[in-house]
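Dear colleague,

Please find below the structure I am handing over to you, together with its sequence.

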Amino acid sequence: MSERLIDGFDGVLADLDGVVYAGPNAIDGATEALDRLALEGKSLAYVTNNASRSSEDVAAHLRELGAPATAEQVFGSALAGAELLAAQVAGGSTVLVVGSDTLAQAVTAQGLVVVDSAADRPDAVIQGFSPLLGWKDLAEAAYAVAAGATWIATNTDMSIPQERGIAPGNGTLVAAVAAATGKQPLIAGKPGAALFETAARHSGVERALVVGDRLDTDILGGNRAGMATALVLTGVDTVRTALAATVEERPVYLIASLADLYEEYPEVSFDGDSYSCRDARARVADSTVSVSGREDDVDSWRAACAAWWAAHPHKVPDTAPSVAFTPVRQIVLHGETPAGDGGGRHGRDG
């Protein structure tokens, strides 16, 4: 019998947006699932690429939504960036901080000296997001980087969702400095491994499960850190994007919601012809994945992913696979009509 997913781990490293909340509201059942971790004796840490808000600010927001959170449980890319920087330069080195006061405080806490200008000949530059940054700040960073300073970026998110729409993120500001200097920074936040390693180390977690809703940040970063990863289907990515994911972005587990942490995770097996997950079966022929199962059943997609990924273990085809569903045949009792005649076409399709 398969064990519950959570039983294989001593802690969870959870993303925020799309996992805990969506917009201004908590996702249904998310806070209850997170609360239960403590009762199960499991550690909980939150990992976020946000480098402009303090851990206490993030924790306060989570508590307002009903989620368990203390500042010590929140790990942003400011801390990861400062720790990564401290590993690259000697204690007492001078650092040009291009970002928020929170980032500057994290750098100072590492025993490094913050300076204001490239004219101070800093040993390093650390760049994080702040809505107050302007051209002069980016120019100072470029001068210092071009002069040979070690360069760290807290994260490279290209966009930030705002109430009025999508706004430029830290990645666009980092790209400006890169374009001016022809150099690239070391990256602390997702999808780098450093943020996850920082969170696990400070939380004392040895067997961490990374739970996120984005393949290109949460799952990729967790995989790079050598941790088990679970894509939760309450945010950005879907079963179809998971199926077509690059090799590096493939999650170990696929779950519908955080509540699945406490359910038995079904085994996916191969019988020489197809992959099966409970009643669902999947096989690959050319660019098509044929699935015997309901489209709205996560087990169908677990089997489909296993089959497609096994068929393409090293390189993903240029085009996403097509998926064909046929309903699972059921036994007819006393003249009853078999169920499942529609193949579950009302489910999540990405």
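At roughly what angle do the axes of helix α3 and α4 cross, and within what distance do they come? In this predicted model, the axes of α3 (residues 77–88) and α4 cross at roughly 35 degrees and come within 9 Å. The crossing of these two helices, α3 and α4, is right-handed. On the α3 side, the residues involved are A78, L79, A82 and L85, and they meet T102, L103, A106 and V107 of α4. Sorted by class, this contact between α3 and α4 comprises 7 nonpolar residues and 1 polar residue, with no charged ones.

Spanning residues 101–108, α4 lies across β6, β7 and β8, and its direction is at about 160 degrees to β6. Helix α5 (residues 135–146) packs on the sheet as well, where it touches β6, β8 and β9 (150–153). The direction of α5 makes about 145 degrees with that of β6.

As for the sheet itself, it is open and consists of 5 strands with parallel pairing, in the order β7-β6-β8-β9-β12. Because β7 (113–115) and β12 (186–187) each have a single partner strand, they stand at the edges, and one side of each is left without a neighbour in the sheet. Within the sheet, β6 (residues 94–98) and β8 (residues 124–127) run parallel and are joined by 4 bridges. V95 stands opposite A124 of β8.

Yours sincerely

Methods
Residues numbered from 1 in each chain as written. Predicted model: local features only at pLDDT ≥ 70, side-chain atom pairs only at ≥ 80, totals over all residues. Heavy atoms only, no water. Pairing = 2+ DSSP bridges. Contact = heavy atoms within 4.5 Å. Axes fitted to C-alpha atoms, helices over the stretch in contact; angles between N-to-C directions. Left-handed = near helix turned anticlockwise from the far one by under 90°. Nonpolar A, V, L, I, M, F, W, Y, C, P; charged D, E, K, R; others polar.
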